[in-house]
Each structure stands twice: as C-alpha cells, then as structure tokens.
Amino acid sequence: MLKRVILLAGFLSIFSPSFAQDHAVATTTTATVVKTETAAPMDEREITKQENKDFISHHLLDAHSFDIMVEKKADGTEHHIGFPLPVIFYDKANGLHSFMSSKFHHGQQMKDAHGKKYSVVESKGQKYALYHEKIYKTDASGTINLDDKDHATNEKVLDLSITKSVMMILITGLLMILIFGGMAKSYRKSLVPSGAAKLFEPLIIFIRDEIAKPNIGPKYKKYVGYLLTIFFFILFLNIFGLMPFGINVTGQLAVTAALAIFTFILTQFTANRNYWQHIFWMPGLPLPMKLVMMPIEIIGMFIKPFALLIRLFANMTAGHIVIMSLIAMIYFFKNVIAGIAFPFLTFVLYLLEILVAFLQAYIFTMLSAVYFGMANEEHHHEGEAAHH
C-alpha cells in the first residue's frame, strides 16, 4: 500500500503488455504445498529484495483490470482499488467466454510451486486461472503446471480481453479524434489558431517542415497524415505511461511491433521502381557483387522496422525499470540517506523521462520519414549523369 502511495505522489509507475496463453495438464495441489513448505527461509533483506523484484515485474505486465492500487490486509488478502475490465477469451472445447475481471479477484485463490498466488474461476463448467496476467485452462483443482523454466504448460486460450493497455489505446485514439477533429472544425471558421490548436499547431508545422519535407522530398504530402498520427499517438501513450496508474503501452513489444509494421508496409507499398532495383539488382555493380548485395539489401528491409520497434520498446521500458528500482532501494536500505537520495534521483530521472517521451516519438517519426524518403528517392546513375 505504501509503495503505491509513493508512486502516486511522485507520478511514477509503469505498465505493460499481456498476451494470453494456456495449456492443460494435471499436477496436484499437494505437490505444490510440499514444494513451498520445503523452501529455505529467507532473511528480511532477501524478502524485501524479492518483493521489490516481484513489484517491478508485475508492473511490466499488462493487466485485465485497472488497478490504481492494491491494499494488503493483515490477513494476507488483497483489496483492489480500481475498476474491472471485460475478460473475453475463446477456448476450443467450450467456445467464447466473457465476464468482468472482478470475477478473478473474488475467485478461488491458489499458489503455484513457488508460492506465487493466482486466481481460479469457473466458466461453462471448466476452471480457468489468471496467472501472471495470462489466462490458462486448468484441471478441476485449478492447478498450474510449470516446466523446468517455471513457464506454465497448461492449455492455451485465445485472449481477446479489453486489457488496461487496450483500453488506453482506445482512449488515446478517441482523444486524438476529439482534439484534431475539433482543430479541423475551428480552421474552417478561421485560420487563426484557437484552443488546442495554439498548443499543437507548432508541433504539426515542425513535423511537416522539419521532418517530412527534408527527408521525403516532393512527395511528402501523402505521408504527412501518417507521420502526424504516429507522432501524436506515441507521444500521448508515452505521457500516459508517466502517470501513476501503470499504463506504459509503448513499453510492450506487441504495440511497438505493430507500429513498426505499419511503417514497413507503407514503405514497401509506396516505393518506386528505383527502390526495388537497388534492392534486387543494384545498378553500377559487377554481377558477382550484385549477387552478394541482394541478400544484404533484402535483410536490410526487415532490419529497419526491427530497429524502430526495439528502440522505442527498450528506451521506454528501461526508463521505467530504473525509476521503480530507485524507489525499491528506499525499502531495501531503510535509512535516512536512502530516504533522501533515492527520491531525489527518482524525481530527476522522472523529469528526464518526460524528455524521453517526446524524444522517442520524434525519433520514430523521423526514421519513418527517412525510410519513406529512401523508398521515393530518384537515383541518377553514371550514364544519366554523363548525359546531363
């Protein structure tokens, strides 16, 4: 509870993605209990260290409910402060399931072989577990079976839930429609910016004149709409990720990969003849070199979007991990120096994260524009140059 309050007070928290998966197996609850009982006891510092590690890991997962904070009671139970979200998943044997995530909070509480808690609910006569924010099909006793790497091996289900990250993506999309739709209406009445336009017009002009025009060239107009959308979408999500509710959408690979794929598809489908010629049969080179360069250029096609997705994901995730690790240090050292030094460092890094939020949106947009420019570049080869 205290950790959550500090996160709220400092506006520091993170969030993450969940991808639903499951497998069915049968292990016994008895074996789980025996394994937990025989675990070697840890001292207070080791317990705090493990709790902090679990706390950070939890916030790097997406969630099936929107929890502002979780209050731990004296009896070991948890009280979730927030609101539930729709849980929707498909199981081949039992079809489509839908209910609110609060059903998991009030479901049967179980522990895995390492003592980690998870919830089990019954739907259409079958037991399902929410384990590390993933939904698994279980046996009648609700057991989660783990392999030697501690990965659940229960039967997978297709998770279509409206998770916290999905909800924030929808909210961000709606917010952008309202803001920029309103700006478009105001410009029909007057070209003088008013309201939100005063704040966003300089950014729009900057993206058009400093990113699109110099990097794409004469055909920049057909890409400006996409570049503006991708910039503000990433920027808004990055800013939401700095709020105290664990909603760092851009800190998950699924989202950054989807954004990179959009750039990749748009690049390939709008590329000119010269672009493809330089990939598959580079002009001006001897035949052996053309054969060597072709696979390199083909690989380069896929490395570019991969660099986009990894850069955004890694920078946003790393920043939040560092911030939460500094907060965790307060509870690990438990002294006056830690109580003063680490909150100060956290505040400084939080200010840096605000800059990073803008910078990563800019870099993603800039590199997308560079790729579009490469796809539309007109090459003048030696023969043409000599002629001119």
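**From the loops to the core**

Tutor: Aspartate 150 counts as partly exposed because its relative accessible area is 39%, and the cut-offs are under 20% for buried, over 50% for exposed and partly exposed in between, using a 1.4 Å probe on protein chains only. Keep in mind that this is a predicted model, where local features need pLDDT of at least 70, side-chain atom pairs count only at pLDDT 80 or more, and totals for chains, interfaces and linings use all residues. Residues are numbered from 1 along each chain as its sequence is written, and side-chain values use heavy atoms, with hydrogens and water left out.

Back to aspartate 150: its phi is near 65°, a positive value in a residue other than glycine. You'll find aspartate 150 in the loop between β8 and β9 (155–156); helices (H or I, at least four residues) and strands (E, at least two) are DSSP runs, numbered from the N terminus. Histidine 132 also has a positive phi without being glycine, near 55°. Histidine 132 sits in the loop between β7 (126–131) and β8 (134–137), and with 44% relative accessible area it is partly exposed.

Now a strand residue. Glutamine 108 belongs to β5, residues 108–111, and is partly exposed at 38% relative accessibility. Leaving aside residues up to four places away in sequence, glutamine 108 touches Tyr118, Ser119, Val120, Lys127 and Ser141, contact meaning heavy atoms within 4.5 Å. Glycine 142 is 34 residues from glutamine 108 along the chain, with 8.5 Å between their C-alpha atoms.

For the overall picture, the protein chain has twelve helices and ten strands. Of its 388 residues, 41% are buried. Among contacts with a separation of 6 or more, 68% join residues 24 or more positions apart.

On to the helices you asked about. α5 (residues 164–189) packs against α6 (residues 196–216) at about 95°, with the axes 10 Å apart; axes are lines fitted to C-alpha atoms, for helices over the stretch in contact, and angles run from 0 to 180 degrees between N-to-C directions. That makes the pair roughly perpendicular, since 65 to 115 degrees counts as such, under 35 as roughly parallel, over 145 as roughly antiparallel and the rest as oblique. On the α5 side you have Ile179, Phe180, Met183 and Tyr187, which meet Ala196, Ala197, Phe200, Glu201 and Ile204 of α6. By class, that contact has eight nonpolar residues, no polar and one charged; Ala, Val, Leu, Ile, Met, Phe, Trp, Tyr, Cys and Pro count as nonpolar, Asp, Glu, Lys and Arg as charged, and the others, Gly among them, as polar.

α5 also packs against α7, at about 125° with axes 10 Å apart, so α5 is oblique to α7.

Not counting residues up to four places away in sequence, Phe232 touches Met176, Phe180, Phe200, Leu203, Ile204 and Ile207. Phe232 is also among the residues with the most contacts inside the largest nonpolar core, along with Ile216, Leu227 and Leu259; that core has 44 residues. Such a core is a set of buried Ala, Val, Leu, Ile, Met, Phe, Trp, Tyr and Cys residues joined through side-chain atoms within 4.5 Å. At least two core residues each come from α5, α6, α7 (221–241), α8, α10 and α11 (336–375), and α7 gives the largest share, 14 residues.

Leu253, Thr256, Ala257, Leu259, Ala260, Thr263, Phe264 and Gln268 of α8 meet Met301, Phe302, Pro305, Leu308, Leu309, Ile310, Leu312 and Phe313 of α10. That contact divides into 13 nonpolar residues, three polar and no charged.
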